[in-house]
Amino acid sequence: QVQLVESGGGLVQAGGSLRLSCAASGRTFSLYDMGWFRQAPGKEREFVAVISWGGSTNYLDSVKGRFTISRDNAKNTVYLQMSSLQPEDTAVYYCAGWTTNWGTAPGTVGSWGQGTQVTVSS
């Protein structure tokens, strides 16, 4: 089994930055891709970013150029550096791990973190 634990969320003013971390434990060798989803109040869970074990990345269009996903395989940790944050980025951010081919649908995810709140004030 794989356990994912997020940290780094908080309250930030519009235009500010936050760095989220997700530490994986357990059978981490089973995770080929890791990434992030987010869920705002009253909305569906939304794909944000993914990174493969080798470093290939994909992003939600609305966060391209503002968010950067990275991965430290030695530490079994994935990061999401978020810059130029806007109120529409406010959501609970969930770390995700794929044991199959990654996808943007939540149903493709094999392991979830508990979520960390990101609130951007205007």
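I began with the charged pairs: Arg-38, Glu-46, Arg-66 and Asp-89 are linked in a network of salt bridges. I count a salt bridge when a side-chain nitrogen of Lys or Arg is within 4 Å of a carboxyl oxygen of Asp or Glu. The model is predicted, so local features need pLDDT of at least 70 and side-chain atom pairs pLDDT 80 or more, while totals for chains, interfaces and linings use all residues. Residues are numbered from 1 along each chain as its sequence is written, and side-chain values use heavy atoms, without hydrogens and water.

I found four salt bridges in the structure. Glu-46 pairs with Arg-38, with closest N and O atoms 3.0 Å apart. I looked up burial next (buried is under 20% relative accessible area, exposed over 50%, partly exposed in between; 1.4 Å probe, protein chains only). Arg-38 is buried at 7%; Glu-46 is partly exposed at 29%.

Arg-66 and Asp-89 come to 2.8 Å between their closest N and O atoms. Arg-66 lies in the loop between strand 6 (57-59) and strand 7, and Asp-89 in the loop between strand 8 and strand 9, so the pair ties together parts 23 residues apart in sequence. Strands here are DSSP E runs of at least two residues, numbered from the N terminus. Both partners are buried.

Conventions. Helices (H or I, at least four residues) and strands (E, at least two) are DSSP runs, numbered from the N terminus.
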